[in-house]
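Here is a short briefing for a first look at this structure. Keep the sequence and the 3D view at hand.

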Amino acid sequence: MENIIISLKDAIVEFDGEQILKKINLDIIDKQFVTLLGPSGCGKTTTLRIIGGFQQMKSGSLYFNNKDITKLPPHKRQVNTVFQKYALFPHLNIYDNIAFGLKLKKLSDKEIKSRVQEVLELVNLIGFEKRSISSLSGGQQQRVAVARALVNRPKVLLLDEPLGALDLKLRKEMQIELKNIQQELEITFIYVTHDQEEALTMSDTVIVMNNGVIQQIGTPVDIYNEPENAFVADFIGDSNIIDGIMRKDFLVDFAGNSFTCVDSGFERDELVDVVIRPEDIKIVPQIQGAITGVVESVIFKGVHYEMIVDASGYKWKVQSTLHEEVGSLVGMNIEPMDIHIMHKMEC
Amino acid sequence: MKSRILAIPYIVWMIIFTVIPLGLVIFFAFTSQSGEFTLSNIIAMNDYLDVLFRSIEFSVIATIICLILGFPVAFLISRLARGKQGTMLMIVILPMWINFLLRTYAWMTLLEENGLINRFLGLFHLGPFNLINNSGAVILGMIYNYIPFMILPLYSVMTKIDGNVIEAAQDLGCSGFHIITKIIIPLSKQGISTGIITVFVPSVSTFIISRMLGGGTNDLIGDIIESQFLGNSYNPHLGSAMSLVLMVIVLLIMSLFNQFGSEEAVI
Ligand SMILES: Nc1ncnc2c1ncn2[C@@H]1O[C@H](COP(=O)(O)OP(=O)(O)OP(=O)(O)O)[C@@H](O)[C@H]1O
Ligand SMILES: [Mg+2]
C-alpha cells in the first residue's frame with residue numbers, strides 16, 4: 001500500500017461569495033511527482049496555497065501524514081513552496097536568499113555553507129553566491145527559487161508554474177533537471193502547470209482541474225488514453241468532440257453513420273460525446289471512407305501535417321504524416337478502439 | 001543647449017529663493033548693528049545652549065515615538081485592499097489641512113486643567129492632572145503635527161513590498177517577529193530614514209507649539225529665533241546667527257545619521 005502524505009478533504013474556498021474550489025478531494029502519494037493541470041483561473045494556485053498554509057478554507061480539512069494540519073501556520077509546516085512569481089528577497093544576495101530558511105533553523109555556519117553549496121550545484125549556479133537578485137535572468141531567478149526551497153529538505157515541495165517564464169528550450173532542460181532532482185532526493189513534488197505536455201512528460205500522477213472541480217486523477221497514460229469526460233479529452237491534446245447517440249452496447253451513431261465501438265453500459269439512445277484524437281483518423285480514398293469531407297487547410301507541424309476536413313459542417317482535425325491537396329475530397333475511417341464515448345458533461 | 005535653456009527658470013528660482021536668502025542670513029550673522037564684521041553674534045549663542053539642547057532632545061524623542069507609532073500604522077495601511085488604502089491615507093493627511101494654530105488650540109482645550117480630558121476623568125473622581133505646560137505636552141504637539149511626515153514615506157516604500165515575499169518568508173519558517181526584523185524593516189529602510197529626516201528637521205525648529213503647550217518654560221530654539229525678528233528682543237543679527245548654527249547642527253546630525261544608516265545596510 002502506498003503511503004499517502006497529503007490528503008485534502010472536501011475543500012471549499014470562496015472569494016467574494018463565489019465558490020472557487022468546490023469540494024475538492026485529493027490524496028497525494030508520498031515521493032510521487034504529482035501535477036495539478038488545468039486552464040488559467042481554475043483554482044490551481046488556490047489549491048497549492050491551502051497546502052502551503054496561505055489560504056484558509058471555508059470548510060474542509062487538510063492532513064499531513066494523517067495528522068490534521070488545517071490550522072497549522074505556514075512556518076510550522078514541513079512543506080516549502082516555489083512561488084509563481086519567485087518571490088525572492090530583493091535585499092539579500094543569492095547565498096543569503098538560499099540560506100534564509102537554514103539560518104532560521106539556527107544551523108551551524110559550516111552546515112549552512114555546505115548545504116547551500118550542495119543545492120547551488122544541483123541547480124547549476126555555483127559562483128553566483130554574491131550576485132544580487134536583480135542581476136539574474138528569469139531562468140536563474142527561477143533556479144534560485146527552487147534552490148531556496150529545496151535546501152530545507154522539505155517532505156513536500158510545492159511548485160507553482162515554476163517554468164512559466166522560460167523559453168521553450170530552457171523549459172525543457174529545467175523539466176529534466178527538476179524531474180532528476182525529485183527522483184534523486186525522493187521528495188514529493190506537487191507541481192502546478194497549465195501546459196498539458198509538461199504535465200504528461202514529468203508526472204507520476206496528473207490531476208486535471210476545471211472551474212474549481214477535479215475532472216480526473218490518473219497516470220499520464222490513463223489521462224491521455226482514457227479521458228473521463230470531454231473536457232479532459234479536449235484539454236489533453238486536441239480532440240474532435242462530436243455529438244453522438246449510443247444506439248446500444250458497442251454501437252454508436254455520429255456524423256451520419258453508425259460505428260462499432262468498444263464502450264458499453266450506456267442507456268439506450270443516450271446522447272453522448274464522442275471523442276476522437278486527430279492522430280487516430282485515417283485518410284482513405286473517398287469511396288472507402290465512413291465519413292467524407294473536403295480538405296480545407298493543411299498546416300505543417302514538424303513531425304506531421306494537421307489538416308482540417310469539413311464533413312457536412314463539422315470540421316475534423318486530422319493529423320497524418322502524409323497530406324492531401326486543399327480542396328480535394330477524402331474519406332476518413334476510425335478504428336473501433338479509437339472511438340471514445342463519454343457521458344455528456346452536466347452543465 | 002536646449003536642456004540648459006530649460007534649466008534657466010529653475011536656476012533663477014534657486015537664486016531668488018535659496019541663494020540670496022541664505023547669503024543674507026550669513027551676512028547678518030557675521031555683522032553688527034552698524035554693519036561691521038563680528039563674531040559676537042555667534043558667541044552670544046552660548047547663552048542659549050540649554051534651549052538648543054532642549055530642542056534637540058525633544059525632537060529626538062518625538063522622532064523616535066513617531067517612528068514607533070507610524071511604522072505599524074503605515075504597514076497596516078500598505079496591506080489593505082487598494083481602494084481602502086486611499087481612504088486611510090486621507091485620514092492620516094486630513095488634519096494637515098487644518099491650520100496648525102487651530103490644531104494646537106484644540107489640544108490646549110483638551111489638556112487644560114479644566115479641559116475636556118480632566119473634566120472627563122473628574123467624573124470618576126480622578127485628577128485633575130497636570131497635562132499641559134510641561135515638556136510632555138510640547139513633545140505631544142510635535143508628534144501630533146509631524147507624524148504624517150513619518151507615515152507617508154514609510155507607506156510609500158511598504159506598499160511596494162510584494163505580499164508573496166512575506167509569504168515566502170513564512171514558508172521558510174519566519175514567525176511574525178522574524179518577518180518584521182528580517183523582511184519588513186530591511187525593505188523599508190529607505191522610508192525609515194526619509195521619515196526620520198522629515199520629522200526631525202521641522203521638530204527641531206518648532207516654534208509657537210512649544211509656547212502654547214509648554215507654558216513659557218519650555219521654549220525651544222525656534223521660539224527664541226522668532227522673537228529676534230518679531231518679538232520685543234528685536235535683533236535680526238542674533239536671530240540669523242542662531243538660524244545658521246541650527247542649520248549647521250541639523251546638517252551635521254543628518255550626515256552622521258546617513259553614515260550610520262549606510263553602515264547598517266551592510267549588516
Ligand atoms: N485573493 C483573491 N480574491 C478574489 N479572487 C481570487 C483571489 N485569488 C484568486 N481568486 C480567483 O480565484 C480563481 C482561481 O484562482 P487561482 O489563482 O487559483 O487560479 P490558477 O488556476 O492558479 O490560474 P493561473 O493558471 O492563471 O495561475 C480565479 O478566478 C481568481 O480570479
Ligand atoms: Mg496560478
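Helices here (H or I, at least four residues) and strands (E, at least two) are DSSP runs, numbered from the N terminus. The model is predicted: local features need pLDDT of at least 70, side-chain atom pairs count only at pLDDT 80 or more, and totals for chains, interfaces and linings use all residues. Residues are numbered from 1 along each chain as its sequence is written, chains are lettered from A and ligands numbered from 1 in the order in which they are written, and side-chain values use heavy atoms, with hydrogens and water left out.

**Helix pairs**

- Two packed helices are described by the angle between their axes and the distance between the axes.
- Axes are lines fitted to C-alpha atoms, for helices over the stretch in contact, and angles run from 0 to 180 degrees between N-to-C directions.
- In chain A, the axes of helix α2 (residues 94-104) and helix α4 (residues 138-150) cross at roughly 30° and come within 7 Å.
- α2(A) passes α4(A) in a right-handed crossing; a crossing is left-handed if the near helix is turned anticlockwise from the far one by less than a right angle, and right-handed if clockwise.
- In chain B, helix α3 (residues 49-79) and helix α4 (residues 82-93) have axes that come within 8 Å and cross at roughly 150°.
- That angle makes α3(B) roughly antiparallel to α4(B).
- The crossing of α3(B) past α4(B) is left-handed.
- Helix α5 (residues 100-111) of chain B packs against helix α7 (residues 135-158) of chain B at an angle of about 135°, with the axes 11 Å apart.
- α5(B) and α7(B) are therefore oblique to each other, and α5(B) passes α7(B) in a right-handed crossing.

**Chain B as a whole**

- Chain B has 13 helices and 0 strands.
- Its C-alpha atoms fill a box of roughly 75 × 70 × 35 Å, taken along the principal axes.

**Around ligand 1**

- The residues that surround ligand 1 (a heavy atom within 4 Å) include A:Phe15, A:Ile20, A:Glu161 and A:His194.
- Helix α1 (residues 44-52) of chain A gives the largest share of this shell, 3 residues.
- By class, the shell around ligand 1 has 3 nonpolar, 7 polar and 2 charged residues.
- In that count, Ala, Val, Leu, Ile, Met, Phe, Trp, Tyr, Cys and Pro are nonpolar, Asp, Glu, Lys and Arg are charged, and the others, Gly among them, are polar.
- A polar side-chain atom of A:Lys44 lies 2.8 Å from an oxygen atom of ligand 1.
- For A:Gly41, a backbone N or O atom lies 2.8 Å from an oxygen atom of ligand 1.
- A polar side-chain atom of A:Gln84 lies 3.1 Å from an oxygen atom of ligand 1.
- The protein covers 60% of the 640 Å² of accessible area that ligand 1 has on its own (Shrake-Rupley method, 1.4 Å probe).

**Positive phi in chain A**

- A:Lys23, not a glycine, has a positive phi of about 55°.
- A:Lys23 is found in strand β2 (residues 18-29) of chain A.
- A:Ser312, also not a glycine, has a positive phi of about 35°.
- A:Ser312 is found in the loop between β17 (305-311) and β18 (314-320) of chain A.

Methods:
A polar contact is a pair of N or O atoms within 3.5 Å; within protein, one must be able to donate a hydrogen and the other to accept it, and residues adjacent in sequence count only if both atoms are side-chain atoms. Angles under 35 degrees count as roughly parallel, over 145 as roughly antiparallel, 65 to 115 as roughly perpendicular and the rest as oblique.
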